[in-house]
Amino acid sequence: MFRSLIRIARCMVLILMVSVAITVDRVSTERIRTEVRQEWQAKIDDLALDLQGRILQNITTVWGLAASVSVEPELGEARFQELAAVIFRLATELRNIGLAPDFVINNIYPLEGNEAAIGLDLRTQSLPAEQVLMLMETERAVFSGPINLVQGGQGLAARIPIFISDSDEFWGVVSVILDLQSLYEAVNLGSRLQEAQLVLSTSSDLATSESIFFGTRDVSWQQPVYNALDMHGTSWHLFAQPKAGWPDQPPQPWLLRGILALLVLLVTSATFWLTRLLLKDRQMQQWFSGLFELAPVGIALFDAENNKLLQANPSLKSILGDHPRSLAFFNRTFDEHGDPIIEFEGVTQTLARSEKLTGRQSLVKDSTGSLKPIMLHGLKLITTDGKPVVWLIVEDVSAQKNAERLKNQFISTVSHELRTPLTSISGALGLLANEAAGTLPDSALRLTRIAHRNSEQLTYLVNDLLDIEKLIAGKMTLEMKTLQVFDVVRECVENIGNYASEHQVTVDIRQLADVKVTADKRRLMQALNNLLSNAIKFSPEHSDVHVYTEREGRKVRILVQDFGKGIPPEFEPLVFEKFAQAETDGRCSKAGTGLGLAITRELMLKMHGAVGFISRPGHGATFWLELTEEEQTTSASSDDEGPGKT
């Protein structure tokens, strides 16, 4: 269902983006079309205003003649011709001007070519009764046309009423004919036909093609722009559209559509990428949920603010039951006798300090009150909503502890059982090797000495096994005394002199501090002897091993430095582990039990000290023992003793 929802979401996003792109393209096209229509509407409005202005300008000029006649009704022919000539010079689009007292033309200018108009009664020829009534009632010029002229062409007729100024009686009209071709040329109407489909019609309906008197009739009109020229008595209607039609796309369509296509691609790709991440996250959640539920170790999630349990897997419940409802449960630890351990940093304090916890072993009580050995691994995280949580892994190490206990018991038993006969065998072989029981043949003496050395090596191993077992079990008793550091160091160096000579290595005592520490002399010498023997064993022939001390505050370090190959980086975490030995070319580089450094670490911990090392591969290693200086002890360099070599 989740995958189906993801697919539906992808399809919906794709459909939505395509719809948006199409809508944007259409809106852009409509906007361009609207802008073009507005531009053309402005052109048509200007053209109509210009055309109507030219007509009114001509008629306004003729009103001067009408004013003269109203003052001088008996205007003679000569005077009329004189005034008409002036008007023609001012109004260039006029075709002719006639005076029609009582609607009968008796004067006309120019006379040439217009003789037939003399005596023409306008009421019977070209002036309908309704226009006559309009003239009488409104006292405004009345227009009609276009009309086909006898002389050829078309004209616009205008009749201006004249009322005698003294009596206000109706005298007649001034009949004016405007030449339409001259009007068209005056407003450049003909040149507009090169870029537009344009017509003038006496009807507002383009379907009545017989009403069109200018422009092309057989045009496929697509919502043309429109303007009406309203003149008293008649109306002209101006229609126009671009010759190429209205735009059906933006000026640069592929640029916009390319951007839209890129946007659709980006959003769709981002959606597919995000939904793919969601699918992976969902899959990881399913995997994690399966691991969480089926993991053989206990896993719990706690709220880091109030330490309350948020979720736990079945393994945690099988290990500790329903008891750990809070992270603080793991702060209460017990010793093997069931007594609470007081001086112990709790899990909550450790995670608050370092936000990480790993490999902590402790004893806790489960829901039945039984002691349960566990190993804890914890990690503090911040969720996406900013809430701190703690993941805690609880491993039941009961089987491991039982196995270790059985192993230690077995080793202890075997070691004790071996120790007594081994001592006898080693002593007997020593006597034979020293020919205390008589002279032996050379071949037998050589074999006896080899057996004696091997028995001593086996004795060392048994002693190491017994020591480590006592240390782990807490059965080793230490005699803590105040010791002079340089005395202990010198004695150890002297004791190991023969071993150093066998390996052709020189142990060089450098500067030693004149300080006292509290320790068990025998065990401190054992720990230092382990470091010295290792340094000698891993040093090349004819090289030196340096022994010296350093101080930092009340801490005193005894350092043993060799110049061998150093410790491989991958082996460094295992240096102090039991039976751990570095390997070279797939095999142990030097013989040994692998217990010396493990015993050294346990001894130093028992004496409230520490052990550590610094190593650079190819440049040797420096191991150190650290103890606390006795109070009220003046420190001075043992320069009076001087350096020594063994």
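Author: A polar contact is a pair of N or O atoms within 3.5 Å. The model discussed here is predicted.

Reader: Which residue has a side chain joined to that of Thr-350 by a polar contact?

Author: The partner is Arg-360; a polar contact of 2.8 Å links the two side chains.

Reader: And where does Thr-350 sit?

Author: Thr-350 is part of helix H9, which covers residues 347-354.

Reader: Is Thr-350 buried or exposed?

Author: Thr-350 counts as buried because its relative accessibility is 4%, and buried means under 20%.

Reader: What does Thr-350 touch, leaving out residues up to four places away in sequence?

Author: Thr-350 touches Glu-345, Glu-355, Lys-356, Leu-357 and Arg-360. Arg-360 is also the partner in the polar contact.

Reader: Changing topic, how many aromatic pairs are there?

Author: The count is 11 aromatic pairs. One of them joins Phe-213 and Trp-236, with 4.9 Å from centre to centre and 55 degrees between the planes, and this pair is tilted.

Reader: Which parts does the pair tie together?

Author: Phe-213 belongs to strand S7 (residues 212-214) and Trp-236 to strand S9 (residues 234-242), so the pair ties together parts 23 residues apart in sequence.

Reader: Which residues form an aromatic cluster?

Author: Phe-103, Phe-163 and Phe-170 form one such cluster.

Reader: What lies over the face of Trp-624?

Author: Arg-557 does, at 3.6 Å from the ring centre. Arg-257 lies over the face of Trp-254, at 5.8 Å from the ring centre.

Notes: Residues are numbered from 1 along each chain as its sequence is written. This is a predicted model: local features need pLDDT of at least 70, side-chain atom pairs count only at pLDDT 80 or more; totals for chains, interfaces and linings use all residues. Side-chain values use heavy atoms; hydrogens and water are left out. Helices (H or I, at least four residues) and strands (E, at least two) are DSSP runs, numbered from the N terminus. Buried means under 20% relative accessible area, exposed over 50%, partly exposed in between (1.4 Å probe, protein chains only). A polar contact is a pair of N or O atoms within 3.5 Å; within protein, one must be able to donate a hydrogen and the other to accept it, and residues adjacent in sequence count only if both atoms are side-chain atoms. Contact means heavy atoms within 4.5 Å. Rings of Phe, Tyr and Trp (its six-membered ring) pair if their centres lie within 6.5 Å; planes under 30 degrees apart count as stacked, over 60 as edge-to-face and the rest as tilted. A charge sits over a ring if NZ of Lys or CZ of Arg is within 6 Å of the ring centre and within 35 degrees of the ring normal.
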